[in-house]
Amino acid sequence: MCRPYGRFGGTMFEQLDKLQKDFESDLASAVTSEALEKVRVEFLGRKGRLAELMKSLATLSAAEKPAAGKRANEVKRALESAMDAAGKVLAAKGPKRAAGVDLTLPGIPVRLGRRHVIMQTMVEMVDIFQRLGFDVAGGPEVEDTWHNFEALNIPLDHAAADPDNSFFIEDRTILRTQTSTVQIHVMEGQKPPIRVVAPGRVYRPETVDASHGYMFHQLEGLMVDENVTFRDLKAVLNLYVREFFSPNAKTRFRPHFFPFTEPSAELDMACTLCDGKGCAVCGGKGWLELLGCGMVDPNVLRAVNIDPERYTGFAFGFGIERPAMLKHGIRDIRLLFENDARFLAQF
């Protein structure tokens, strides 16, 4: 038997057995990566308890060294194997478990985003027109004056083309003032029959107030085919209003003027906020202007090489903010773009 060794007392074998039991006890209570590392340093570090015992092998007799050395190596391998296994178990439990967090506790709820009320409205509108057979088209927001004015029968000396009424980037390049530009792009690349709606942002140097902004959204509609009449236009728009607002919505068409349509009209709807009795939103009139519309002017068809003697069409365009405000009872357009999550979360 090996002679007693060291400050701990007992033979080399007893010391190794005690070291292994102490290691197993400390390892069982190590539930974090920091605690596990502390156990490794204490028992397997360069100056740890096992290293200290290994040094004492030199003091043993030649007859004792082989057995004691074999036992010391067995203990070392057992400790290293147990450390590796404990490390893998700890890693599998993840960083939160390693940090001592109880994974059985309820988690922190994640706030899910949602579509902005403008996008909700736009998607609903587009869905209505798609069910009526319209495709969806898009176009650039930075336009040339040909697509924004001239092809739409608006001469460059018209008030709408004045720099005070448009955001000019260069001499003949502007931020589009209407999504009617998409009509021209579509008719340049496609021959009738055409049936499209074009939603998107438009820009005008308006004074910002409760009902105006320098950036807003529009939805433009166009239908070109043989034998298209104003009756078709009225049918489509009345179906849209009753589908979007209410089956009982009341509408009226008033004569108007637009350079790109002839004849032209404004479509009004009885105010939904006062039931047509008159309020601040409708200016006491009981009616709200929804959109402009009309039959496509023959000059517009000629500009895109479509024969106006064979084809006719109608077009309409309206802002998206106003219908959204009417539908949800919002009285100030600025609320839509202030990014107040408390307000937007209502929709």
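Q: Let's start with phenylalanine 230. Which residues does it touch, leaving out those up to four places away in sequence?
A: In this predicted model, phenylalanine 230 touches Phe253, Pro263, Ala265, Gly294 and Met295, not counting residues up to four places away in sequence.

Q: And where is phenylalanine 230 in the fold?
A: You'll find phenylalanine 230 in helix H9, which covers residues 230-244.

Q: Is phenylalanine 230 buried, exposed or partly exposed?
A: Phenylalanine 230 has a relative accessible area of 24%, so it is partly exposed. Buried would need a value under 20%.

Q: Good to know. How confident is the predictor, what's the mean pLDDT of the chain?
A: The mean pLDDT of the protein chain is 87, and 94% of its residues reach 70 or more.

Q: Where does pLDDT stay under 50?
A: That happens over residues 1-9. The model has 26 contacts beyond four places in sequence for that stretch.

Q: New topic: helices. At what angle do H1 and H2 pack?
A: Helix H1 (residues 12-28) and H2 pack at about 170 degrees, with their axes 10 Å apart. That makes H1 roughly antiparallel to H2.

Q: Which residues meet there?
A: From H1 you have Leu19, Asp22, Phe23, Asp26 and Leu27, and these meet Leu36, Val39, Glu42 and Phe43 in H2. By class, the contact has six nonpolar, no polar and three charged residues.

Q: What about H2 and H4, how do their axes cross?
A: The axes of H2 (residues 33-44) and H4 (residues 65-92) cross at roughly 170 degrees and come within 11 Å. H2 is therefore roughly antiparallel to H4.

Q: And which residues make that contact?
A: H2 brings Ser33, Leu36, Val39, Arg40, Phe43 and Leu44, while H4 brings Lys76, Leu79, Glu80, Met83, Ala86, Gly87 and Leu90. Sorted by class, the contact of H2 with H4 has eight nonpolar, two polar and three charged residues.

Q: Now H6 and H11. At what angle do their axes cross?
A: Their axes cross at roughly 100 degrees and come within 9 Å, with H11 being residues 321-328. So H6 and H11 are roughly perpendicular to each other.

Q: Who takes part in the contact of H6 and H11?
A: On the H6 side there are Val117, Ile118, Thr121, Glu124 and Met125, and on the H11 side Glu321, Pro323, Ala324, Lys327 and His328. They divide into five nonpolar, two polar and three charged residues.

Q: Staying with H6, is aspartate 127 buried, exposed or partly exposed?
A: Aspartate 127, which is in helix H6 (residues 117-131), counts as partly exposed at 35% relative accessibility.

Q: Can we look at threonine 179? Where is it?
A: Threonine 179 is in the loop between strand E4 (173-175) and helix H8 (181-189). Its relative accessible area is 0%, so threonine 179 is buried.

Q: Which backbone oxygen does the threonine 179 side chain reach?
A: The one of alanine 198, at 3.5 Å. Besides Ala198, threonine 179 touches residues including Pro199, Gly200, Val202 and Gln218.

Q: And glutamine 178, buried or exposed?
A: Glutamine 178 counts as buried at 8% relative accessibility.

Q: What lies 3.2 Å from a polar atom of the glutamine 178 side chain?
A: That's the backbone oxygen of asparagine 148. Glutamine 178 also touches residues such as Leu152, Ile154, Arg204 and Phe260, among them.

Q: Next, H8. Which of its residues are buried?
A: The buried residues of H8 are Thr181, Val182, Gln183, Ile184, Val186 and Met187. What covers them includes strand E2 (142-144), helix H7 (145-148), strand E5 (194-203) and strand E6 (215-225).

Q: Last one: is glutamine 346 buried or exposed?
A: Glutamine 346 is exposed, at 56% relative accessibility, and sits in the segment after helix H12 (341-344). A polar atom of the glutamine 346 side chain lies 3.0 Å from the backbone oxygen of phenylalanine 343.

Definitions and conventions: Residues numbered from 1 in each chain as written. Predicted model: local features only at pLDDT ≥ 70, side-chain atom pairs only at ≥ 80, totals over all residues. Heavy atoms only, no water. Helix = DSSP H or I, 4+ residues; strand = E, 2+ residues; numbered from the N terminus. Buried < 20%, exposed > 50% of the residue type's maximum accessible area, 1.4 Å probe, protein only. Polar contact = N/O pair within 3.5 Å; in protein donor to acceptor, adjacent residues only side chain to side chain. Contact = heavy atoms within 4.5 Å. Axes fitted to C-alpha atoms, helices over the stretch in contact; angles between N-to-C directions. Parallel < 35°, antiparallel > 145°, perpendicular 65-115°, else oblique. Nonpolar A, V, L, I, M, F, W, Y, C, P; charged D, E, K, R; others polar. pLDDT = per-residue confidence, 0-100.
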